[in-house]
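Have a look at it first, then read on.

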Amino acid sequence: MPAENTILVLNSGSSSLKFGLYRRGPEDEELVLEGSAEGIGRESGGLHIRSADGQVLRAQDNVLESQQDALSKLASALSEHLHAAPVAVGHRVVHGGPHLREHQRLTPEVLEQLQAAVHFAPLHIPQALELIQQAQQIFPECPQFACFDNAFHRTMPEVATHLPLPRRYFEQGVIRYGFHGLSYESLVHRLGSDLPRRAVFAHLGNGSSLAAVLEGKSIDTSMGLTPTGGVPMGTRSGDLDPGVLLYMMRTEPLDADRLEALLNHECGLEGFSDGESDMQVLLQRAQSGDAAAELAIAAFTTAVRKYIGAYAALMGGIDLLIFTGGIGEHSEITRRRICAGLEFVGIDVGSGGRVKAMKTEEDRQIARHTRRLLAQP
C-alpha cells in the first residue's frame with residue numbers, strides 16, 4: 001500500500017491506543033488506515049488495523065502489556081503495509097498545564113514543561129510522556145507534535161476560567177481549562193461558513209462535556225481544571241459540592257489517589273445504576289422498568305439540558321445545537337430527552353437545521369494541525 005507524506009496520529013486512552021494514518025488530499029487530510037490496540041494489560045487485548053475502505057489488514061488477539069508494547073506492534077504492522085515511514089507524528093495530549101495552551105512541536109523544552117505539569121493531570125500526562133518517548137525511539141527521524149485537548153478553550157474570558165478561590169491559586173494555574181477541544185475544533189472546521197454566531201456543542205460519550213461557541217470561539221465549557229468536572233459521565237462524577245468530598249475523606253480511609261480513582265472510575269452513570277456505564281444498556285434496562293437505570297439516564301439528560309439552557313442565557317439564544325461523541329451521535333432517544341423542554345429557546349429534535357448530530361473527527365483534526373505545524377519554519 002503506497003502511502004508517502006503521511007501523518008501518524010496517536011490518541012491514547014486509559015487502556016487503549018487508537019491511531020490513524022493520513023495523507024494530504026486535494027482538499028483535506030485523507031485517511032489511509034486506522035485501528036486500535038484495545039484491552040491493554042488484559043488478556044482480552046488485541047490489535048486491529050483497517051484500511052480506509054474498511055478492509056481488515058490485521059486482527060490479532062494477544063496480550064498487550066502497555067501502551068509502549070502496543071505502539072511497537074503497531075509500528076511493526078505499519079511497516080508491512082507501507083513503503084515509507086510517516087513524515088511526522090501527532091499526539092493527542094489531554095492537558096499541558098498553564099504554560100502549554102497551543103498545539104506545538106515537541107522540543108526538549110516543551111517536554112520539560114509537560115513533565116512539570118504532571119500534577120495537573122496525574123492520570124494522563126505520565127502516560128502521554130511515556131508514549132511520546134516510545135514514539136521518538138521508534139520513529140527517530142520524525143518530528144513529533146503535541147495537540148492539546150484544552151487548547152480550543154484558551155479563548156474563554158477570565159470570568160469563565162477564574163474559579164472562586166483565592167487569587168494565588170489562579171496564578172498557579174488552577175483554572176477552568178475545558179477539554180474535548182480537538183473534537184470541537186473539528187466541528188468548527190467542518191461547518192466552516194455554515195457555523196452560525198451562537199452555537200452549543202455537546203460531546204457526549206463515556207466522557208461528556210458541552211461548550212458555548214460564540215463566533216467560532218469557546219467562551220465557556222462544562223469541564224474544569226480536569227476532565228472530571230461538568231455533567232455526570234460514564235464513570236466520572238461531574239461537578240460535586242466540595243462538602244461531599246470532605247465528608248467522604250472524613251468518614252472513609254480515602255487519600256488523594258483513592259479519591260481520584262473513585263471520582264473517575266466508580267461514579268457518574270455507573271454510580272447511579274450500581275455498575276453500568278453504557279448508555280445503550282441503560283436505555284434497554286430502563287425500558288424493562290429498571291428504576292436505577294432510569295435515574296441514571298434522567299440525571300444525565302437533565303444535567304446536559306441545564307447546561308444548554310445556561311449557554312442560551314449566556315449568548316442570548318442558540319442558533320445551532322450540535323451533538324457529537326458516541327452517545328451524542330448515535331442515541332436519538334437521548335437527544336430527544338435532552339431537547340425536551342428546550343422549546344422556549346427554539347430547540348427540539350424536529351427543528352430542522354437548528355439541531356444536528358455530527359461525527360467527531362479528533363484524529364483528522366490532529367493530522368490537520370500536525371501538517372500545518374510541520375510546514376512552519
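## Cysteines

Is Cys147 buried or exposed? Cys147 is buried, at 0% relative accessibility (buried means under 20% relative accessible area, exposed over 50%, partly exposed in between, with a 1.4 Å probe and protein chains only). Cys339 counts as buried too, at 2%.

Searching the whole structure turns up zero disulfides (a disulfide being a pair of cysteine sulfur atoms within 2.5 Å). For Cys147, the closest cysteine sulfur sits in Cys142, 15 Å away, so that's too far for a bond.

## About the model

This is a predicted model, where local features need pLDDT of at least 70 and side-chain atom pairs count only at pLDDT 80 or more, while totals for chains, interfaces and linings use all residues. Residues are numbered from 1 along each chain as its sequence is written, and side-chain values use heavy atoms, leaving out hydrogens and water.

Strands here are DSSP runs (E, at least two residues), numbered from the N terminus, and two of them pair if DSSP finds at least two bridges between them.

Strand 2 (residues 17–24) and strand 3 (residues 29–38) run antiparallel, joined by eight bridges. Leu17, for one, stands opposite Ala37 in strand 3.

Methods: Helix = DSSP H or I, 4+ residues; strand = E, 2+ residues; numbered from the N terminus.
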